[in-house]
Amino acid sequence: MKGTLLILSALILGGFTGYFYQDISLLDIDSINQWILYALLFVVGISIGSDKEFITKVKTLSPLYFLLPIITITGTLIGAFLFTPLTTGISYSESLAVGAGFGYYSLSSVIITQIKGAELGIIALMANIIREVVVLIFAPLLVKYFSQITPICCAGATSMDSTLPVITKYSGSEFVIIAIMHGVIVDASVPLLVTFFCTIN
Amino acid sequence: MPVLILILFIGFLVGRVFSDNSIIRFSGKLITPIVLILLFFMGALTGANETLLADFATLGANAMIIVVGSLIGTIFLSVIFGRVLKRKLLKNQSR
């Protein structure tokens with residue numbers, strides 16, 4: 001929650017700064033941001049690589065649960081792909097890039113902004129915030145009408161942090177480890193898949 | 001832009017090799033501040049861009065369509081997988 005507030009304030013603060021000081025767009029922000037993005041991806045890589053428990057945790061789980069992130073990733077990408085014709089002016093690869101944020105709105109939207117521009121970046125930000133909020137609000141209904149694992153899959157990368165409390169509450173505490181593992185793996189796929197879909201045409 | 005994926009991979013390798021190094025472990029804490037800086041600039045560019053502000057409703061509609069599609073796909077596959085999982089786990093228990 002604290003993280004979400006920080007992120008929203010940085011964005012809103014930036015928005016007001018840009019609105020009142022329009023000269024800011026004359027600065028070469030894009031090339032500055034590109035270097036910051038390089039630093040970001042390097043640090044993200046380090047944090048995944050240095051997490052020793054990442055590999056050991058993954059090894060101890062039943063191989064069946066290992067499929068859960070694949071279900072999430074495949075379902076999301078198929079859905080985003082099929083709904084692309086309903087959008088206005090979004091290409092298939094762009095729609096897939098937005099979908100591949102899996103709720104990790106901060107990282108996915110900054111990567112997309114850098115490669116594809118601010119317009120798609122804002123779409124990614126909104127889409128992935130909505131994804132998180134949907135799980136926070138509708139988790140009980142997702143369990144009731146679909147399956148205990150549905151909130152985990154819908155939560156995407158957020159199943160290990162911001163949506164973990166509602167998953168624990170409505171899917172059951174036995175799903176905590178699975179939700180965390182799922183989140184870690186989907187989370188790690190975000191920079192990879194978003195970058196990939198941004199660069200294909 | 002394979003450069004980005006390459007950088008990510010190099011970071012991963014550095015993280016794996018030097019996982020005991022305290023500086024390396026600390027670097028994970030840099031993710032949030034860096035993301036905040038990028039988001040600030042992202043907001044600034046949006047705020048300064050009048051066409052983008054004018055298109056806000058269209059952008060929102062596109063975001064909504066993509067997220068609804070993503071969630072329907074995810075729900076559909078998770079229901080199927082949930083059933084398979086239940087059957088397999090029950091079978092294992094009865095053994």
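## Where the two chains meet

Let's start with the big picture: 82 residues of chain A are in contact with 64 residues of chain B, where contact means heavy atoms within 4.5 Å. Before going on, know that this is a predicted model, in which local features need pLDDT of at least 70, side-chain atom pairs count only at pLDDT 80 or more, and totals for chains, interfaces and linings use all residues. Residues are numbered from 1 along each chain as its sequence is written, chains are lettered from A and ligands numbered from 1 in the order in which they are written, and side-chain values use heavy atoms, with hydrogens and water left out.

Together, chain A and chain B bury about 6700 Å², with 82% of it on carbon and sulfur atoms. Buried area here is the accessible area (1.4 Å probe) that two parts lose on being put together, summed over both. On the chain A side, I46(A), L64(A) and F83(A) supply 8% of the area buried against chain B, more than any other three residues. How many salt bridges does the rule find across the interface of chain A and chain B? The count is 0, taking a salt bridge as a side-chain nitrogen of Lys or Arg within 4 Å of a carboxyl oxygen of Asp or Glu.

## A look at V14(B)

V14(B) sits in helix α1 of chain B, residues 2-17. Helices are DSSP runs (H or I, at least four residues), numbered from the N terminus. If you skip its neighbours within four places in sequence, V14(B) is in contact with F42(A), I46(A) and I24(B). From V14(B) to I24(B) is 10 residues in sequence and 8.3 Å in space, C-alpha to C-alpha.

## A helix pair across the chains

Axes are lines fitted to C-alpha atoms, for helices over the stretch in contact, and angles run from 0 to 180 degrees between N-to-C directions.

Which residues meet here, from α6(A) and from α3(B)? S106(A), S109(A), V110(A) and T113(A) are the α6(A) partners, and V35(B), L38(B), L39(B) and M42(B) are the α3(B) ones. By class, this contact of α6(A) with α3(B) has 5 nonpolar, 3 polar and no charged residues. Ala, Val, Leu, Ile, Met, Phe, Trp, Tyr, Cys and Pro count as nonpolar, Asp, Glu, Lys and Arg as charged, and the others, Gly among them, as polar.

## Helix pairs inside chain A

α6(A) also packs with α7(A): their axes come within 7 Å and cross at roughly 165 degrees. That makes α6(A) roughly antiparallel to α7(A). The contact of α6(A) with α7(A) includes 7 nonpolar, 5 polar and 2 charged residues.

Finally, α7(A) (residues 118-145) packs with α9(A) (residues 164-171) at about 20 degrees, their axes 9 Å apart. So α7(A) is roughly parallel to α9(A).

Methods: Helix = DSSP H or I, 4+ residues; strand = E, 2+ residues; numbered from the N terminus. Parallel < 35°, antiparallel > 145°, perpendicular 65-115°, else oblique.
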